[in-house]
Amino acid sequence: MTTQDRPDQPDPRWWRSGVVYQVYPRSFADASGDGVGDLAGATAHLGHLRDLGVDAVWFSPFFRSPMADFGYDISDHCDVDPLFGELGDADRLVEVAHGMGLKVVLDFVPGHTSDHHPWFAESRSSRQDPKRDWYVWRDPAPDGGPPTDWRAAFGDYPAWTFDPTTDQYYLHLFLPEQPDVDWNNPEVAAAMTDVLRFWSDRGVDGFRIDVVHSVGKQLDVDTPPELVGIPACVLDHGPGVHVRLKELRAATDRFGRPPVLIGETYVFERERVVDFLGHGDELHLGFNIPALHSPWDAAVWTDEIASAIELYEPVDGWPCWVLSNHDVVRHRTRYGTEARARAAAVLLLTLRGTPFLYQGEELGLQDAVVPPERVVDPGGRDGCRAPIPWDDGAQCGWPADPWLPFAPDAAALSAARQTGDPASMLEHYRRLLHLRRRLPALHRGRVELLDAPDGVVRYRRWVDGAAAGVPSSVEVLVNFTDEEVAVPGAGGAWIGGTALGERAPDGGAPLGPDEARILDRSDG
């Protein structure tokens, strides 16, 4: 028996067996009555996450910010923005979460600050200021224009803004209100590490690192002709990122409570995601971005799983799977049907690796339809950030009209309406999460792809030496087609999937359209 199977023994690698749930605070729950979610509201609803069966909660930024990019433009890394509460509310949230057995992960934005940050105010004041080289400043090009041809992520404009105070340009890979810091300066790295120490000392268990490769910018290089037009935030990283990450990992490993470091590794070459793990001395986890953007297609997902086996297992790495987040269209909307969303939940929660859930996917929410007069996000991401419906009342459990419209059918899909209904999406997720926690084969077992007909993904998860009465080997089948498919060789007792328990099919029966099935193959 390992510590992962013993709740009384803390596991330093809890993130390997755990499931992480992302909270976007503005849209999760409102306690103050201003229509914007806050920390007190989130704390009051942590029981929903405990009952759901997740292990950790990742909070998108709630730090002080002018909100040009809804909190990703930070003006004080070590305080809570009044919109969300105060520092004591953050402490209370961590305390309550820990009391429920939930780890807490915070967002860490290392690549830039707000232009309202005191560091930037000092940096832009004079070319001689001690913090001048905390940010990226360059002289104009010979024609007076930007120093390079880099483009910003939001909109078709340069990633450089001219500042007349000192007649130089500063770099911003996102909005002009988000000037980039320079991690080549060791003082910047030290100050940012102090931010992590501040929150770790307050009980935080880990950090999701935003655009992690931004700590290793390749400066003063032009974009290759074939990549012109691609935002610089995708192109800007070089080998220096691994030096910086090794330094950051070494520093945080010396904290009294070493945190898990999870990277938004926004690269589309799978082997480069693994590179961010180093030799166990960089990130603990890196998001599998190609999978996040993969279509509902069996061949594509078979390739994703095969690549994960090939790349991660030889280096004792651990994949990180995600289908939705605050930056992309929800997978319920992308995949098109509720049946596919149910099957996708089985896929996500039975793969080898750490699954991340995005708030509301357990309710089956689609993107909201946001009328033009209510659009607020510079990156066009309002739809996936719609408020969570807690009940079926007029305001779906919000004390005031929320800052964004609700998703379609919000009242019918509310947490209160779905709770206790065995046919609901919420109860489907609860069953899967509790099954995953109960079976070591699912939360830490090995994986092997099995032969399957076209349109079906089939794999086995197994462990050696499972406890008596607990399946040591399970088979997962996911039908990506809208037709019935027979799978030769499939069989065993049905223990989970998209069918309801009282209608559990025979393990060897053909898969229904968009059906997913988990079978006990301990004797097979």
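This is a predicted model: local features need pLDDT of at least 70, side-chain atom pairs count only at pLDDT 80 or more; totals for chains, interfaces and linings use all residues.

User: What makes β11 and β12 the edge strands of the eight-stranded sheet?

Analyst: The open sheet runs in the order β11-β10-β9-β5-β2-β1-β13-β12, with parallel pairing. In that order β11 (285-286) and β12 (320-322) each pair on one side only, and that is what the word edge records.

User: How do you know that β2 and β5 are paired?

Analyst: Two strands pair if at least two bridges are found between them, and β2 (residues 56-59) is joined to β5 (residues 103-108) by four bridges, with the strands running parallel. Among the partners, W58 is bridged to V105 of β5, and F59 to L106 of β5. Helix α4 (residues 87-99) packs on this sheet and touches both β2 and β5, its direction making about 140° with that of β5.

User: What joins β5 to β9?

Analyst: Four bridges join β5 to β9 (residues 206-209), and the two strands run parallel; within β9, R208 stands opposite D107.

User: Why is β5 described as largely enclosed?

Analyst: A residue counts as buried under 20% relative accessible area. Five of the six residues of β5 are buried, so the strand is largely enclosed by the rest of the structure.

User: Why is α13 called roughly parallel to α15?

Analyst: Helix α13 (residues 338-350) and helix α15 (residues 425-438) pack at an angle of about 15°, with their axes 10 Å apart. Angles under 35 degrees count as roughly parallel, and the angle therefore makes α13 roughly parallel to α15. The crossing in which α13 passes α15 is right-handed. On the α13 side the contact is made by E338, A341, R342, A345, V346 and L349, and on the α15 side by M425, H428, Y429, L432, L433 and R436. The residues of this contact divide into eight nonpolar, one polar and three charged.

User: Why does E427 count as buried?

Analyst: E427 has its place in helix α15. Its relative accessibility is 14%, and because the cut-off for buried is under 20%, E427 counts as buried. Leaving aside residues up to four places away in sequence, E427 touches Q418, T419, G420, D421 and P422.

User: Is S75 buried or exposed, and what is its relative accessible area?

Analyst: S75 is buried, because its relative accessible area of 16% falls under 20%. The residue is found in the loop between β3 (63-64) and β4 (76-80). Not counting residues up to four places away in sequence, S75 touches R64, S65, P66, S114, H116, H117 and P118.

User: Why do β14 and β17 stand at the edges of the five-stranded sheet?

Analyst: This open sheet has the order β14-β15-β16-β18-β17, and its pairing is antiparallel. β14 (446-449) and β17 (493-497) each have a single partner strand, so one side of each is left without a neighbour in the sheet. From one strand to the next the twist averages 25°.

User: How do you know that β17 pairs with β18?

Analyst: Four bridges join β17 to β18 (residues 516-520), where at least two are required, and the strands run antiparallel.

Terms used
Residues are numbered from 1 along each chain as its sequence is written. Side-chain values use heavy atoms; hydrogens and water are left out. Contact means heavy atoms within 4.5 Å. Axes are lines fitted to C-alpha atoms, for helices over the stretch in contact, and angles run from 0 to 180 degrees between N-to-C directions. Angles under 35 degrees count as roughly parallel, over 145 as roughly antiparallel, 65 to 115 as roughly perpendicular and the rest as oblique. A crossing is left-handed if the near helix is turned anticlockwise from the far one by less than a right angle, and right-handed if clockwise. Ala, Val, Leu, Ile, Met, Phe, Trp, Tyr, Cys and Pro count as nonpolar, Asp, Glu, Lys and Arg as charged, and the others, Gly among them, as polar. Buried means under 20% relative accessible area, exposed over 50%, partly exposed in between (1.4 Å probe, protein chains only).
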